[in-house]
Every structure is written in structure tokens, then in C-alpha cells.
Amino acid sequence: MSVSPALGPAIRRLRANRVVMVCLVSLLVLAIVALLGPFLTPHRYMDTDFGARFLAPTFSDWHLFGTDELGRDLFSRTLLGVQVTLFVAVIASIVSLGLGVAYGATAGFIGGKTDALMMRAVDALYALPFVFLVILLMVVFERNFMLIFVAIGAINWLDMARIVRGQTMSLKQREFVDAARLMGVSTPRIILRHITPNLVGVVVVYMTLTIPQAILVESFLSFLGLGVQEPQTSLGALVNGGTAYMERAPWLLIVPATVLALVLFCFNFLGDGLRDVADPKQA
Amino acid sequence: MLRYALLRILGAIPTLLLVVAIAFMMVHAAPGGPFDSERVLPPEIEDNVNQAYHLDESLPEQFLRYVDGVLHGDLGPSYRFRDYTVTELIAAALPLSMRLGALAMLIAVTAGVSAGIVAALKKNTLVDRLVTGAAMIGISVPVFVIAPLMVLVFAVFLKWLPASWAGGSGPGRLLMPVIALALPQIAYIARLTRASMIGVMNSDFVRTARAQGLSTLSIVCYHALKPAMLPLLSYMGPAIAAVLTGSVVVEEVFGIPGVGQFFIRGALNRDYTLVLGITVFYAALVIALNLVVDLLYGVLDPRIRTR
């Protein structure tokens, strides 16, 4: 089944957008380097070397990004940070995707009073400072790694729910839904088998926009020391570590800050570009 | 309008109650009591402590007591800062945080709206590209990356400004925190203003005004600005929440003794009541400010009241 009849032209438009292609390629390269990283460098991320503390970036002994206050190699730690950050982002996005699609499709398909009530709840939730609730959760439940994914996903589903609802409302007017209903297919099944597959295009586009948001929350928590814990690390935790020694070893701040900014920048541009491609009217 | 206002106010109350309930349940689902320590207390003392903090009551009783306290502005005692109530801690730190947040919002709206209007009027020129490009960077780079980098450049390398609150005096020490806090919001507001301004400038009534020979300046000031600001108004709610979140980072980076510092210290020390209290306080603040925004929206846009 084709995802969308206009997929061919969409891909052509995507190829023509040079910024988006540059971002896509850089993200792919970064992801591959992060995954292969441990095989590329002789240093492991948790190995301390007190004879080599605060080394500036150097080619000798392959400390490409220098070393930190415990003599750990910043290059391998940055690669681990990228890995963790991307991993958290993808899992959190999947959580928010599941919640958002289920909620939005249900509200949009049922319509009427149920829809009004469900969307009113979303409006109300929009106003909440969710990050504070997540921090509370982290305090109470001991900074559990899995919990970070779920918590971040749980705060990012609102946009997805809104978009999916709008899409569902137009989809349910289509003939194939009437046909399914006529044949006696139950509502949950129609939503699952007939509506959801048609949402894939829109959902993929908006997922690229929720990924940077998830990265932002994760690195925010890690920056405050409430997220990923030692000896594991993430880009946010590395930036935080770098701020403590910025006068003595500025590379400890500059390297992870640049990488984090680059990742977020690329994801944002990619998401924006994909949205323009998928919906040329809005651009 | 009265009906609209009443509905909005009534809608805000359950939202706040919901937050209080979620936050309260989370804290009470925590494994272990607040006074568990290495040292084993004699049972009588433990009973006394539990009684003093009403921990011997059932959960619904404790919850009602807490809600009652919140309604009276009493957020309970801090578990770590002995001899202080959470309300006292917030009250002591609030003025500084308010000044920081209000200044950042002021700068964000002024700079963001100006940049957005200029970009919209010069659409598809170099100026527009510069503004949208800079806005994209501002949106992508989070406060906790901008703030330390600013310290590195302006305090460590150039030595123009103090690196921390304690290391300086006068208005200079507020400059970097306020700008770091405002930058992402400037970017968002500039993008929003640009988009809505372009939409308004293409509408029929602006064309009519142009046909009557009005200058671009007076069209923008007298006709286009108000309708173009409406989408911005609805962004104010999320913006306020973002500035509150950002102020936690900024206070941490610059060592500013505000509410955010207490929040982080409370979170790292597992001071449950303090974290719970500040969460409830921030939620109430955000909900109240959203309510104000909603009511303003109703005043400015008559269409929304009749829905």
C-alpha cells in the first residue's frame, strides 16, 4: 500500500531542498560514528587516567577532544553522549507517538461531545509546566533510566494528538471508512486498521519535530544532574560537566555544547523541511 | 463576555486541582518515608515525628489537609531546610526570580516582535533570511547551552561581565542571565510574528488601506499590528512556562539565589515537600497567567467569546 499518492513529487521536493539534505546526511554520519565510535578509539568512555587530566585536544595518544578532570577521553564520552541522546529521543518519540496517535485518532473518529471533551483536556494540559512534574518524578523514583523515556514521551504527545485528530476527522469522511462500517467492522478496528495506516505520512513528519523536543528535555534533565547518571553520560550531562571547568579546560564545554546544538539544529531543520515538503500549501 | 470569563475561570480550577493531585500522589508513592535515615529512631520519637507532620493520617486525609493548606498559601514545612516553611522559602526567593523572568519576557516580546515585523515586510530579502536563520538557531540551541557559552565568551575570555551573581554587583550581573533567558523566546516570537504578519499583510483590508494611499508604517501601526498579534497572545502561555523552566537553568548557571535554585537543591536533596510545593506554585502561576491571556484574548477578539 502506498503511504500517500503524492509521495513521488514529495521525495523530489525533498531532494531539491539542499539544507534538509545536508541535515539528513550529517545526522546519519553522526549516528554511524556514534555507533562505531567504540571501535574507532583506543579509549573507553569510563577509563580514568590520572596522569592525563585536562589534556587539550591532541593527536598524540588519540585524545582527539582532550580529556576531562578524571583523565577520561572526551571523544569517546561525546560519542557515548550522542548514542544515549539519540536513543532516549527515539524511544521517547515512540512513546509520545503511541499516546498521541491513540488519543487523537479516537477523539477525531468519535467526534461530537467526546471529541470536544477530549480536546479540552489537551488544551488544559498544554498550559501545565510539565517539566516540573517530570523533575518531581525523577526525584521520587530515583532517576530511573527507563522512566526518563516514558516521562519525556508522556509530555510530548499533545501536539501529535492535535494533528492526528485533525487528520482523522477528514479521513473518516472518506468512502472506505463508510464501506468498512457498512460491513460491520467495529470502531476500534476501523481506527486501528483503516484510519491509522493513512496517518503514517503526517505522523512521520511530526515525529521528526518531536525528536528534538525529546532531546531537549533529556539534556535539560541531565544538565541539572537529574537525568542520565555516571558513569553513563549524555550530551546534557557533558555540557554540565564542562561548565564546572570552563576556565581551565574550555574544550570540555565547547565540544559537547557544539555537538548538542548541531544535533538539535539538524533535527529542527529536517522536521521543518519535511513539513514543507509534505504540505506545500503551508510553506 | 461575562459568560466566557466565568467558563474560563471555572475551567482553571479543576486543572490546578489535577496538578496538585498528580504531584501529591507522586510524592506519596515514593519508596520510604521522608525521615528515613541511617540512624534508627526509637519508635516513640518516630511516632511523634509522624504525628507532627500528620504522616499518621490516611492518604485522603493528608491530601485534603494539603489542598486546604495550598488554598491558604501554606505549602507545608521543608523537610531539609529545618525551621523554614516552603512558603517562606518561595517568598524569599521570588522577587529576584520575578525580576529575571519579567525582564526576559519584556526583552523577548520587544525584540521578537520588531524582528518579526521587519522580516515580514522585507519578505524573501537578505534581511528576512538573516532573521529566520538566526531564529532557527535560537530555537535549536537550548538555554543550558547558550548560558554557559555566554559565560565562557563574555566572562572568561573577554572579562566584560561577571561570571556569577556573587562575583558582581549592580545591573551588570543581571544582563547575561536575562539575555540568555530571552534568546530562545525572541526566536520563537520573531518566527510567529513574521508568519502572522505576512498573512495579515496579504489580507483584503490591508489591500484596501494601501489602495487609499496609506503608508506602510501607518498600515502596520493602525491596521495590521492588532490582528497580527493575536496568534502571539496565544503563544504567551507556553512562553511563560518556557521562561519558568529556563530560569531554573539560568539561576543554576549564574548562581542566582532564586526559586529555581531552591527547586534544584530540593530535587538533588530529595526535599519532597519543597519540590512538591514549588511544582504546585509554578503550576498555579502558569495556570493563572494562562487565564489572564485567555481573558485578554476574549477582550481583543470578539469572535472567540461566542464559541
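Tutor: Happy to! This is a predicted model, and the part I'd pick is helix H7 of chain A, whose buried residues are A:Trp157, A:Leu158, A:Met160, A:Ala161, A:Arg162, A:Ile163, A:Val164, A:Arg165, A:Gln167 and A:Thr168. Those buried residues pack against four helices of chain A, namely H3 (74-110), H4 (112-126), H6 (145-155) and H9. As for its geometry, H7 of chain A runs over residues 157-171, 15 residues in total. From the first C-alpha to the last it reaches 21 Å, close to the 21 Å expected at 1.5 Å a residue.

One of the packing partners, H9 of chain A, also leads us to the other chain. Chain A and chain B meet through 34 residues from chain A and 41 residues from chain B. On the side of chain A that touches chain B, the elements giving two or more residues are helices H5 (130-140), H9 (187-223), H10 (235-244) and H11 (251-278). The residues on that side of chain A divide into 27 nonpolar, six polar and one charged.

The C-alpha trace of chain B spans about 85 × 55 × 30 Å along its principal axes. Of its 307 residues, 37% count as buried. Among the contacts in chain B with a separation of 6 or more, 72% come from residues 24 or more positions apart.

Conventions
Residues numbered from 1 in each chain as written. Chains lettered and ligands numbered in written order. Predicted model: local features only at pLDDT ≥ 70, side-chain atom pairs only at ≥ 80, totals over all residues. Buried ≥ 20, exposed ≤ 12 C-beta atoms within 10 Å, placed from the backbone. Contact = placed C-beta atoms within 7 Å. Nonpolar A, V, L, I, M, F, W, Y, C, P; charged D, E, K, R; others polar. Expected span 1.5 Å × (residues − 1).
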